Amino acid sequence: MLMTMIKEDKEKYTDILEDSITYLENHNFENIKADLEGYETPKSFTKAGSNISITPDVVATKEGRTYYFDISLKSEKPKLLKSKWLFLNTLSNLKSRRFKLITTRGHIQFSKEMLQDINLGDKKLIRI
């Protein structure tokens, strides 16, 4: 039962990831990297002094600028998700890049509340 549940979550996530990539392609993003068959896997970043590795869901470029995208879905581990977003936001600021969140119906309010909790309430969500 548990294995099926995890597999179903992964399949649901894959659909949203595919839809996100289609959205980005339709909005002139290039060099798209994602953890999906047919795409190069994005580079992971290891948090200094720990064994925690953070990988953006999608990395793409547009007009010479690099963007990190994370897909925001309701999570059983919101604390980890908040840490990931704060890290990606800080990293993007340090490297003159952009950090965006992609979400879908049913997850918008969760995403907004999470952003408020970590003082990133000014981030606009990409809704697909």
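Leaving aside its neighbours within four places in sequence, which residues is glycine 121 in contact with?

Modeller: This is a predicted model. Apart from neighbours within four places in sequence, glycine 121 contacts Leu115 and Gln116. Glycine 121 sits in the loop between α3 and β7. With a relative accessible area of 38%, glycine 121 counts as partly exposed, because that class lies between the 20% limit for buried and the 50% limit for exposed. Serine 111 is ten residues away from glycine 121 along the chain, and their C-alpha atoms are 9.6 Å apart.

Helix α3 (residues 108-117) lies across β5, β6 and β7, and runs at about 170° to β7. The sheet is open and has five strands in the order β1-β4-β5-β6-β7, with mixed pairing. Its edges are β1 (30-34) and β7 (125-127); each has a single partner strand, so one side of each lacks a neighbour in the sheet. From one strand to the next, the twist averages 30°. Helix α2 (residues 78-94) also packs on the sheet, where it touches β5 (65-72) and β6 (98-103), and its direction makes about 170° with that of β5.

Glutamate 30 has threonine 61 in β4 as its bridge partner.

Notes:
Residues are numbered from 1 along each chain as its sequence is written. This is a predicted model: local features need pLDDT of at least 70, side-chain atom pairs count only at pLDDT 80 or more; totals for chains, interfaces and linings use all residues. Side-chain values use heavy atoms; hydrogens and water are left out. Two strands pair if DSSP finds at least two bridges between them. Helices (H or I, at least four residues) and strands (E, at least two) are DSSP runs, numbered from the N terminus. Axes are lines fitted to C-alpha atoms, for helices over the stretch in contact, and angles run from 0 to 180 degrees between N-to-C directions. Contact means heavy atoms within 4.5 Å. Buried means under 20% relative accessible area, exposed over 50%, partly exposed in between (1.4 Å probe, protein chains only).
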